[in-house]
Amino acid sequence: MRFLAGVFTLALMACAAAEAPAQSEATPIAEAAPQPTPAAPEAPRAFACEGALTQGGVALCRARPGAEIFIEGEAAGQADEHGWAVIGFTRESPASLRIEARHDGEAEALTLAIAARQFDTQRVDGLPQQTVTPTDPAVLERIRRESALKAEAFTSQAPMEGFLEGFIMPVDGVVSGRWGNQRILNGTPSTPHFGYDIAAPEGTPIRAPASGVVVLAQNDMHYEGGLVFIDHGQGLITMYLHMSRLDVRVGDVVSQGQMLGAVGARGRATGPHLCWRMRWRGRQLDPSIAVDGLARARTTLN
Ligand SMILES: [Zn+2]
């Protein structure tokens, strides 16, 4: 019930937001007659995308409602009933990507230039060894079980429009690990770090960066400690790792700024921090650049 009520409220908010631009577009027309005129039929909107156009970045696209989106010919979701779609770019994204929107047998395409980034190498020592090179059969079994839980949560397709709100930072603190760094954990070369680490004292509140629905809330994961996933719509999911306390449960609809829980140091961590992550359709994205990117996209695209 809570979930359905939340979706309904969000849909209303989104409708109100979508109608606002039509009025502002009408204002600059100088020759507008002084007497009231009937509302003109809305001109078809050209396909456009804007946002953090860089490796690990996220963008919004405006297309025809229900249009199917393709990146380099590969299916990448569908615009919602207001024409909004989210797209994301991997850490290894090529310098240009062809984005296509197909609707009713018609296709509109554009090419996005994706900026390359430099990634550092980061050494982290002093981690519990079973969180770096696990060998204990019980630990391996636990990791398998927890991977299945996460994989299931990643399939969420909640009909939300939280991605339109312009994200806020979930925690006030000091950046302690940037996204995309190559990592050497306890001396062992590891996969890139797909999180943005913000160090803050244990117990510091973690707030939802935008509205969404909680699709995973686990108190005690091997790697992540307390772990929460939020689906913001269009397959855009944010993750909160190493939490010491959870204030939400699966199915809760959260609004921007709502408390999700508190910063901790559980799982694969050497001290209290939030490891903030973002994922879209199986791609790892950088949440720290999404904050500016999504807000800019929202003001540019109407
Ligand atoms: Zn991290």
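Guide: Let us begin with the word donor, which is kept for N, O and S atoms within 2.8 Å of the metal (3.2 Å for Na, K and Ca), and since water is not among the atoms, sites may look incomplete. This is a predicted model, in which local features need pLDDT of at least 70 and side-chain atom pairs count only at pLDDT 80 or more, while totals for chains, interfaces and linings use all residues. Residues are numbered from 1 along each chain as its sequence is written, and side-chain values use heavy atoms, with hydrogens and water left out.

Visitor: Which spacing do the donors of the zinc ion follow along the chain, and what makes the atoms that coordinate the zinc ion count as donors?

Guide: The spacing is H-x3-D-x77-C. The zinc ion is coordinated by NE2 of H193, OD of D197 and SG of C275, at 2.1 to 2.2 Å, and these atoms count as donors because the cut-off for N, O and S atoms is 2.8 Å.

Visitor: Why is H193 called buried, and why D197?

Guide: Buried means under 20% relative accessible area, exposed over 50% and partly exposed in between, with a 1.4 Å probe and protein chains only. H193 has a relative accessibility of 2%, so it is buried, and D197, at 6%, is therefore buried as well. Of the 302 residues of the chain, 48% count as buried.

Visitor: How do you know that R91 is buried, and what does its side chain reach?

Guide: R91 has a relative accessible area of 11% and is therefore buried. R91 lies in the loop between β5 (84–88) and β6 (96–103), where strands (E, at least two residues) and helices (H or I, at least four) are DSSP runs numbered from the N terminus. Its side chain reaches the backbone oxygen of G180 at 2.7 Å.

Visitor: What makes the pairing of the R91 and E92 side chains a polar contact?

Guide: A polar contact is a pair of N or O atoms within 3.5 Å; within protein, one must be able to donate a hydrogen and the other to accept it, and residues adjacent in sequence count only if both atoms are side-chain atoms. The pair formed by R91 and E92 joins their side chains at 2.8 Å, so the term applies.

Visitor: Why is there talk of a nonpolar core, and how many residues does the largest have?

Guide: The name denotes a set of buried Ala, Val, Leu, Ile, Met, Phe, Trp, Tyr and Cys residues joined through side-chain atoms within 4.5 Å. The largest has 55 residues, and I87, I99 and L236 have the most contacts inside it. A second, separate core of 13 residues includes A158, M160, V213 and L216.

Visitor: What is remarked about the phi of H242, and is H242 buried or exposed?

Guide: H242 has a positive phi of about 65 degrees although it is not a glycine. Most residues other than glycine have a negative phi. H242 is found in strand β16 (residues 236–243) and, with a relative accessible area of 4%, is therefore buried.

Visitor: What is the mean pLDDT of the chain?

Guide: The pLDDT, the predictor's confidence in each residue on a scale from 0 to 100, has a mean of 88 over the chain, and 85% of the residues reach 70 or more. Over residues 1–33, however, the pLDDT is below 50, and beyond near neighbours in sequence this stretch has 19 contacts in the model, a contact being heavy atoms within 4.5 Å.
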